[in-house]
Amino acid sequence: MIKKIFGPPGTGKTYTLLEKVDEYIKKGTDLNKIGYFAFTRKAANEARDRMLEKNPGLDKKDLRYFQTLHSFAFHTLGMSEENVMQPVHYEQIGKELNLRVTDSGDESEYLNYNHFKGDSLYDFNDMITKFVNEKEKCKEFDVIFIDEAQDLSPIQWMMFDVLKEKSKDIYLAGDDDQAIFAWAGADVERFLSEPAEEEVLRYSNRIPPAVQDLTNVILERISNRKQKDYFPKKDVEGSVQHIFDMDHIDLTQGDWLILTRTTYRSDEISKQLRTNNLYFKNRFGKSYNTRLYKSILNFNALCKGAALSSADAKELAEYIIRAPQFKDTQALYKLNDFGYHKDDIWYNVFTKADQDECFYIRTMLSNGEKLSQEPRIEVSTIHAAKGGECENVIVVLDNAKKIRDSIENNISKADEEHRVWYVGITRTKNSLYLLKPKKERYGYSL
């Protein structure tokens, strides 16, 4: 039996899969005969941890087949870490070829890459190819669950075909409308065409009616998709507003997710937030210098009578003029060792620190931001935010010329582009703001 579960945004696709897993466990299925394969290691671990919460009598080793397809291939083939290409290997081949290693498709570079790997090193694709070629090593399952199946690549579908021969039941879960990784090799057409009994999850706990109305506009533009009707979140109407400038919104309260199509635009938005002294995170992490802030906290602790380790004291000494003589790495240092008074204020003392950074941190603290906690505002590309959600979402409608040119006269690329914007819009739990592009003709039309 093969069952395909379509999960529109917020309908609990992963929850539904785990409920099915629980059903198999409760009816006595051998845990070593249950395979749950997620697209990322993080997702696989989260699924495993959720199952452990539901079944306190189990531990991690009981759910050994909650992993990624790559991990399953790795362990099935009896590989070790020494067999797998590591970041240092990619850096090394980049130096040898005098380039930054990418999937450029240049034949000579590809040949050099394979020569570098030889017969002893395997990348992720090699692992799955080897698994498919040695499919007799694959164990038998009673049931297999595959989450985010719309993101499987052709070679991963070949692995699926092996698993299909080795399992009595299979559950495929995904959403073709959220298939935005074709550029990385994902084959959504195979997901759509795979013969199976089908189920569409009907109730979203995320998308409010106002946002769903807008998503339907995007879905109508996708030429090849599975029709899926679902009910929006109850009790919250939600809102959709077009804005011309982020300064028109009060970002000092509430949680915000700001989504862009490109990293360039994401970086521009980050600069604007920084200018406005707002606390946020982006692809580089928190918006302030965390090392500096740690020393600020340490100085404040010194003023309250605490002592610092040698390592923390040396870090603090980088930002202030007075510092003790560091001799013993095991020594503890107090305020009098630095020659300061308990009434001294950090921003008057940190004269060797970047003063713009000090002003930024001081302003955020005076505005009541809790810098030791996760920021309320996140800036991200749409691709990086897939799977996330937030009460308030700003979608920046600027697009890149390269992207616009690539989708002209190419239906499959146009479909994927519409799906990208659909994913961005559907991160919204309540209020959606559409930031107009700098130039109307260069943006996505909504």
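Author: The open sheet in question has seven strands in the order β7-β13-β12-β8-β11-β9-β10, and its pairing is mixed. The model is predicted, so local features need pLDDT of at least 70 and side-chain atom pairs count only at pLDDT 80 or more, while totals for chains, interfaces and linings use all residues. Residues are numbered from 1 along each chain as its sequence is written, and side-chain values use heavy atoms, with hydrogens and water left out. Strands (E, at least two residues) and helices (H or I, at least four) are DSSP runs numbered from the N terminus, and two strands pair if DSSP finds at least two bridges between them.

At the edges of this sheet stand β7 (239–243) and β10 (285–286); each has a single partner strand, so one side of each lacks a neighbour in the sheet. Strands β12 (residues 390–396) and β13 (residues 428–435) are joined in the parallel sense by six bridges, and Ile 394 lies opposite Tyr 433 of β13. Helix α10 (residues 263–275) packs on the sheet, where it touches β8 (256–260), β9 (280–282), β11 (377–381), β12 and β13. A contact here means heavy atoms within 4.5 Å. The direction of α10 makes about 160° with that of β11; axes are lines fitted to C-alpha atoms, for helices over the stretch in contact, and angles run from 0 to 180 degrees between N-to-C directions.

Four of its five residues are buried, that is, under 20% relative accessible area with a 1.4 Å probe and protein chains only, where exposed means over 50% and partly exposed in between. β11 pairs with β8 in the parallel sense over five bridges, and Trp 256 has Ile 377 of β11 as its bridge partner. β9 also runs parallel to β11, joined to it by two bridges; there, Phe 280 stands opposite Ile 377.

Turning to open space, the second largest pocket has a volume of about 680 Å³. On a 1 Å grid over the protein atoms alone, a pocket is an open set of points where a 1.4 Å probe fits, with protein on both sides within 12 Å along at least five of seven lines, and lining residues have an atom within 4 Å of a point. Its lining comprises 23 residues, and Ala 182, Trp 183, Arg 261, His 383 and Glu 416 lie nearest the centre. At least two lining residues come from each of α8 (188–193), α17 (401–407) and α18 (411–425), and α18 gives the most, with six. By class the lining has eleven nonpolar, five polar and seven charged residues.

Another local site is Glu 315, which belongs to helix α12 (residues 310–317). With a relative accessibility of 18%, Glu 315 counts as buried. Leaving aside residues up to four places away in sequence, Glu 315 touches Arg 291, Lys 294 and Ser 295.

Another open sheet, of six strands in the order β3-β2-β4-β5-β1-β6, has parallel pairing.

Definitions and conventions. Grid points are joined across faces, edges and corners, and a volume is the space filled by probe spheres set on the points. Ala, Val, Leu, Ile, Met, Phe, Trp, Tyr, Cys and Pro count as nonpolar, Asp, Glu, Lys and Arg as charged, and the others, Gly among them, as polar.
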